[in-house]
Amino acid sequence: MSAQVTVSVSGSPRELAAGTTAADLFADDRAVIVARVDGELRDLTHELTGGEEVEPVTAADPEGLAVLRHSTAHVLAQAVQATFKDARLGIGPPIKDGFYYDFDVETPFTPDDLKALDKAMQRLIKDGQTFRRRVVTDDEARAELAAEPYKLELIGLKGGNGDAEGADVEVGAGELTIYDNLNRKGEVAWKDLCRGPHVPTTKMIGNGFQLMRSAAAYWRGSEKNPQLQRIYGTAWATKDELKAYLDRLAEAERRDHRKLGTELDLFSFPDEIGSGLVVFHPKGGVIKRVMEDYVRNRHIEEGFQYVGTPHITKGGLFETSGHLPYYADTMFPPMQLENSEYYLKAMNCPMHNLIFRSRGRSYRELPLRLFEFGSVYRYEKSGVVHGLTRVRGLTQDDSHSYVTPEQAPDEIRHLLKFVTGLLSDFGLDDYYLELSTRSDDPAKKDKFVGSDEDWAKATEVLRTVAEESGAQLVPDPGGAAFYGPKISVQAKDAIGRTWQMSTIQYDFNQPKGFGLEFAAADGTRQQPVMIHSAKFGSLERFFGVLVEHYAGAFPPWLAPVQAVGIPVTDDHVPYLNDVAGKLRAAGVRVEVDDSDDRMPKKIRTHTKQKVPFMLIVGDDDVAKGAVSFRFRDGSQDNGVPIDDAIERITEAIRTRAQV
RNA sequence: GCCCGCUUAGCUCAGUUGGCCAGAGCAGCUGUCUUGUAAACAGCAGGUCAUCGGUUCGAAUCCGAUAGCGGGCUCCA
């Protein structure tokens with residue numbers, strides 16, 4: 001009866017009675033929510049049979065937290081079906097920061113529904129329901145879930161390639177399981193097809209969850225399928241962590257570039273112009289120009305030649321480049337002129353190819369590097385346009401390096417160093433690389449042009465260079481452009497969000513399409529490889545990211561107004577004008593606030609406008625030939641001699657320091 | 001493009017179940033005050049309630065369409 005088995009618990013051997021569960025093993029630690037048994041997460045009710053490696057898992061563990069969120073999703077689904085009898089279940093996986101669950105319901109959920117569901121969930125949680133795992137056959141599952149058409153569909157998919165995001169949390173590759181939720185009396189209150197594992201009791205969900213919003217989502221992620229109603233929620237191990245998360249959301253809202261863009265008078269999107277089309281106001285224009293000046297100079301320093309190309313072109317060019325067959329529906333429709341179809345430019349590379357092809361090229365000219373600020377227009381679908389990060393008219397700092405295949409690795413190295421240096425100058429020091437490759441899925445192969453060998457070779461070159469850079473490299477299968485693989489730089493902003501910024505793409509297709517060639521040393525004509533690269537990517541998007549990264553408090557070199565003079569009384573205005581004149585002569589963007597406002601009001605105004613240097617002058621300063629600094633954070637440095645003040649400001653601008 | 005929601009003055013928002021000339025704060029303008037580190041005081045001006053159509057004796061309020069915005073989904077060369 002009392003047979004002993006041996007398991008390894010967190011590395012040390014333990015003798016246990018046969019039939020001992022993980023719950024027995026970790027009974028003294030209430031924070032344990034599941035067990036990792038031989039590397040697989042298991043319910044605590046899992047019985048140990050001897051020989052396993054067992055570890056406790058708490059919600060502090062990312063996988064444990066995912067289990068907690070998944071269980072919370074189940075509680076939500078139970079609450080929904082209790083409230084809306086006709087709701088059919090989709091899937092309900094854990095995601096970053098929370099979970100969702102999809103439902104097929106007659107009418108979409110309202111905010112009031114969410115409130116009611118939140119309450120219903122609280123009740124279920126208080127009830128301390130337990131999760132019970134039950135292995136079933138396909139036929140049993142079909143019988144039990146006869147009323148759940150979506151679940152039935154998933155049963156049919158079992159073990160297949162989990163093509164629906166999150167579907168694998170419902171049906172695994174192995175046996176099929178149903179989880180029963182047992183109420184306090186031990187009755188089955190609800191059940192769901194689910195692979196598990198789950199927390200032992202809903203009590204562990206505690207108060208660390210909140211329903212966030214509802215939205216429609218296509219069943220199994222395809223717009224060909226019907227839309228289900230998705231409810232998003234967040235869930236954490238403790239109330240404090242929930243609060244910290246909600247605070248993070250509030251912080252992100254505070255930094256929202258759309259809000260700051262209005263408050264700081266940087267840009268706007270006039271309805272009269274159209275969706276996704278931005279106008280930069282004078283203050284935003286300063287930042288944009290500083291960015292442009294910077295990147296133009298840096299390109300020239302890095303051996304690029306500045307070129308210019310038009311905003312529209314005849315369609316034949318995009319047929320040659322191969323874009324038209326792939327992206328016609330994301331281009332603005334053509335204009336009919338003089339028996340030709342003219343398109344707004346959606347990409348710059350074809351025009352640069354024409355510059356390359358405008359005369360014979362020698363190997364001695366390679367690498368030939370062309371660069372411009374290319375204005376491109378893309379007919380983004382109406383639902384995706386978003387502030388400056390997804391627009392219909394944008395400026396790319398776009399370059400194309402024409403190189404021999406042998407030169408390609410060096411050129412990619414060169415570009416990677418260039419872009420990471422640029423990001424760092426703009427205060428984005430934290431980044432990782434993403435390698436976007438062709439999809440392995442044969443069904444999607446026709447989205448990509450070129451032979452397997454060419455793709456393999458190009459991918460290998462990018463991978464090698466990316467790996468030797470020492471930066472973290474994340475694979476992105478299927479993310480490549482149709483003409484070749486790419487490395488993109490994903491930069492992390494001040495609050496930890498990542499943004500795709502710079503890209504470097506290896507293209508062997510367009511040189512072929514355009515018949516580009518150069519005369520090699522041996523007199524033969526050979527085809528160059530072109531390497532596309534955008535450093536900011538889109539100037540507009542980069543601008544938006546900078547606004548959010550700095551929360552509008554730009555470092556002095558980017559700040560639209562770098563310094564503002566604030567007189568204590570009108571009498572001090574001439575003195576400040578004199579100081580401002582000297583600053584202007586030193587290249588500083590400075591203003592003197594000679595308005596009728598009181599001095600404290602002026603401080604408030606310019607603090608809110610996030611001006612980095614406020615220079616306050618009263619009788620004391622005039623007497624000493626000085627100014628008094630006040631900074632955005634409220635700190636002060638009084639009585640600084642004028643020359644020192646000028647040096648301090650110009651030094652901060654020159655070194656791109658933050659203050 | 002699809003689903004849901006929103007749209008009142010330059011900005012942020014009030015406007016009870018449809019009912020006299022639609023309100024506030026900030027910003028703007030005009031005065032008075034001459035002032036030392038986040039809002040002096042007073043006055044003035046500013047809105048065809050996104051647009052168009054409908055219901056009604058009467059619409060900011062109810063219905064429909066369109067546009068724009070927002071949250072998601074799909075997409076993102």
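Which residues do ring pairs link into a cluster? Hi everyone, let's start there: Tyr294, Phe426, Phe536, Phe542 and Trp557 are joined that way.

Before the details, a word on the model. It is predicted, so to speak of local features we need pLDDT of at least 70, and side-chain atom pairs count only at pLDDT 80 or more, while totals for chains, interfaces and linings use all residues. Residues are numbered from 1 along each chain as its sequence is written, chains are lettered from A and ligands numbered from 1 in the order in which they are written, and side-chain values use heavy atoms, leaving out hydrogens and water.

Rings of Phe, Tyr and Trp (its six-membered ring) pair if their centres lie within 6.5 Å; planes under 30 degrees apart are stacked, over 60 edge-to-face, and the rest tilted. That rule gives 32 aromatic pairs. In one of them, Tyr294 and Trp557 have ring centres 5.9 Å apart and planes at 55°, so this pair is tilted. Tyr294 sits in helix α8 (residues 282-301) and Trp557 in the loop between α15 (539-549) and β29 (563-567), so the contact ties together parts 263 residues apart in sequence. Helices (H or I, at least four residues) and strands (E, at least two) are DSSP runs, numbered from the N terminus.

Buried or exposed? Tyr294 is buried at 6% relative accessibility, and Trp557 is buried at 7%. Here buried means under 20% relative accessible area, exposed over 50%, and partly exposed in between (1.4 Å probe, protein chains only).

Now to Tyr327 and Phe482: centres 5.7 Å apart, planes at 45°, so tilted. Tyr327 is partly exposed at 31%, whereas Phe482 is buried at 3%. Thanks, everyone!
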